Structure formats: C-alpha cells, structure tokens
Amino acid sequence: MRIIHINEYDEKKMTLAEPVYDNFGRVLLAEGRTVHPTIINRLRSMGIRMLVIEDELSAGISLDDLMDMPTWMDLVQGVQSCFKQTQLKKEIEPRPIFNMAGKLLDELTKNQILLPIPAATVAEELLPFAHAVNVTIWSLLIGRAMGYTALQLRDLAVGCLLHDFGKAVQTNYSQHPEAGFQLIKKHREINLMSAHVAFQHHELRDGSGFPRGIQGEAFLEMAQICGIANQYQEKLSEMNIAPHEIMELFMSLSDKSYSHSVIQAFVLTVPAYMPGVRVKMKDGQSAIVTTITTHMQRPIIRYEATQELLNLAEHHSVFIESVIETTQQI
Ligand SMILES: [Fe+2]
Ligand SMILES: [Fe+2]
C-alpha cells in the first residue's frame, strides 16, 4: 500500500487499498477495485487529490502507522455534522465533540505512533473537517511529547476540534478565532482553556499574529500547539510543501512564532517523511517509506529494486535526498 497523487494512477497496475468516499462520507469506490479513467476524472472534479493504492511496488507494505481509514472518516463526518449544526443553531453541541476527543485519545493510547490520513484523499466539501481532525491528531502527538496528562490532552483535543468553528457563525475570516471563543465559552462543561485554544490559534509569539497580536507568555502553550499544528496542516495540504521543509522553516522560527519547547516537541513527534511515499535516496536509488520508528527524521525504507528493508535510524550514513512525487499532502 502506498499513497499517490491522483495523476499518477495507472489502471493497469494499481488497485484501491482504501475506499474512496463521496462528499457525504459514503463509500463511493470500495477497496480492492481498479478505477476507470473516466471515474478518475470525476474524482478529480470532486477535489480528490490523493489515493491510497496497492501495486507491485508497494506489495507487503501495510502503513500501520496511519490511522484506520473508516475510523478517521467517521471523525471527519462527525466534525462536519457538528459544524453544520452550529451553523443552524448558532450554538455548539458539546457532547459529540467530547465523544470524538475521547475516541482520538483512545487511539493515541493504543498507538505509539498515530498519523492522520492525508486530507487530500477526501472531496473538497469534507476538507475543512479533515483539516480539523488532522490538526487535532498532530496536536495530541505534540501534547503527549510534552508530557500532558490525559485531562490536558482532552482539553487540547476539544479546543483543536473546535478551533475553526467560529467560521460557522462569522464570515469575516479575521474574526473567526474570537467568534469561536465566544461560542465555546458559553458552555460550562467545556474547559475555558479549550476556548482559548480557538481564540489564540492564529497568534504568534512575536505579536505578529491575529486577532489580538498578543505576545510572549500571554500566548498559551496549548494554543501554541494548536497554532503550529494548524500551520503545519495548511502548509502540507493546501500549499503542498514537503514535511521536512516545513520542519526546517519552523526550526528557523524558534521562539519567534512558537516557544522553543513546542517546536522541539513538534520535531520529535511529527515525521519528516510520511509512510507510503516514494523517496529518492542520496545514492540515486528509489525507495518507499514503510514505517516510522522512534526517530521521526529517520524512518524504515524499502528499496524498490531489491525490496531490501533498511532502518535509517540504525544506518546513519544513508540519507533520503528528496520525495519523488508530489504526494506529501496530508
Ligand atoms: Fe483558523
Ligand atoms: Fe484551521
């Protein structure tokens, strides 16, 4: 199994390894089937940019580090239905959000490494909700690396799932963080910290963020986590920047945008190369990233020519040069 850009799909060589879902999160194409070029065109027009496929190159690779697709899709749909409800009633319903945060925490407890499904695998209508789920997953990974307790992680997850809910009631983009804050803080059962996560997720430590341009310590750590996860997800999925480049960018901004400890935790916990992508090695050979181990920058790879597996965490002289296709959007 590997992840490809839809333009790379070859009907003769590839079958779907995961289902493709429609705008409503219903299975449109089941796993195991091939996809006719006319259907590929339809998927493209729906805004689907990536597919999870099985082919000879990727035989035997199972991408166990990625979250299970149906579980992920349930969460995406769950966020969508809460958002639509909020648009209608101008009010958040906390219970389903708590349930989703709980589900994500369970997944995090079960898996040492838990990576989101690329948001580019869904239709455009679902993209904002896939964004919220993935921002939450990255944030939980960072929070766990920072030693957060289960209760803190839960507050973080609730804030992240709701971070853009201000958009349900406010069409002015620059006012969505405050609108979100107001929506969330009405509910006593939601910790005020989660409301601040939504309020501050576009702030930056040097005061150049919005809506208030707060600085230094006023920019809460939990909101910084959501902020960095939000930027990361946007750069990956909407701007199509490779993960290792984003990481270098964040590291160069240490303490200016986010505090050093948050950036440190981010680098320790978010992989530079996603499982399922093809990479070119420094020696010119092609390989597929199969598994993330303890070292986020040095995964296990499988050489395409020889099928040989190599753990880069143990082979310090072997390097990845670049990602072969533009398949890095998450
Ligand atoms: Fe936002
Ligand atoms: Fe966002």
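**View 1. Leu63 sits in the loop that links strand 5 to helix 2 (69-89).** Welcome to this predicted model! Leu63 has a phi near 50 degrees, a positive value in a residue that is not glycine. Is Leu63 buried or exposed? It has 23 C-beta neighbours inside 10 Å, so it counts as buried.

**View 2. Lys90 lies in the loop between helix 2 and helix 3 (94-110).** Here too is a positive phi in a residue other than glycine, with a value near 55 degrees for Lys90. Lys90 counts as exposed because it has 9 C-beta neighbours inside 10 Å. As background to these two views, most residues other than glycine have a negative phi.

**View 3. A cis peptide bond connects Phe210 with Pro211.** Its omega is about 5 degrees. Look for Pro211 in the loop between helix 7 (192-200) and helix 8. In general, most peptide bonds are trans.

**View 4. An open sheet is built from 3 strands in the order 1-5-2.** The pairing is antiparallel. Strand 1 (2-5) and strand 2 (15-16) stand at the edges with a single partner strand each, so each has one side without a neighbour in the sheet. Between strand 1 and strand 5 (residues 50-54) there are 4 bridges. Which residue of strand 5 is the bridge partner of Arg2? That partner is Ile53.

**View 5. Helix 9 (residues 243-252) has Pro243, Ile246 and Phe250 as buried residues.** Seen down the helix axis, the buried residues of helix 9 fall within an arc of 60 degrees, so they line one face of the helix. Helix 8 (221-237) and helix 10 (260-269) are among the elements that cover them.

Conventions. Residues are numbered from 1 along each chain as its sequence is written. Chains are lettered from A and ligands numbered from 1 in the order in which they are written. This is a predicted model: local features need pLDDT of at least 70, side-chain atom pairs count only at pLDDT 80 or more; totals for chains, interfaces and linings use all residues. Two strands pair if DSSP finds at least two bridges between them. Helices (H or I, at least four residues) and strands (E, at least two) are DSSP runs, numbered from the N terminus. A residue is buried if 20 or more other C-beta atoms lie within 10 Å of its own, exposed if 12 or fewer, and partly exposed in between; C-beta atoms are placed from the backbone. The arc is that of the directions from the helix axis to the C-beta atoms. Two residues are in contact if their C-beta atoms, placed from the backbone, lie within 7 Å.
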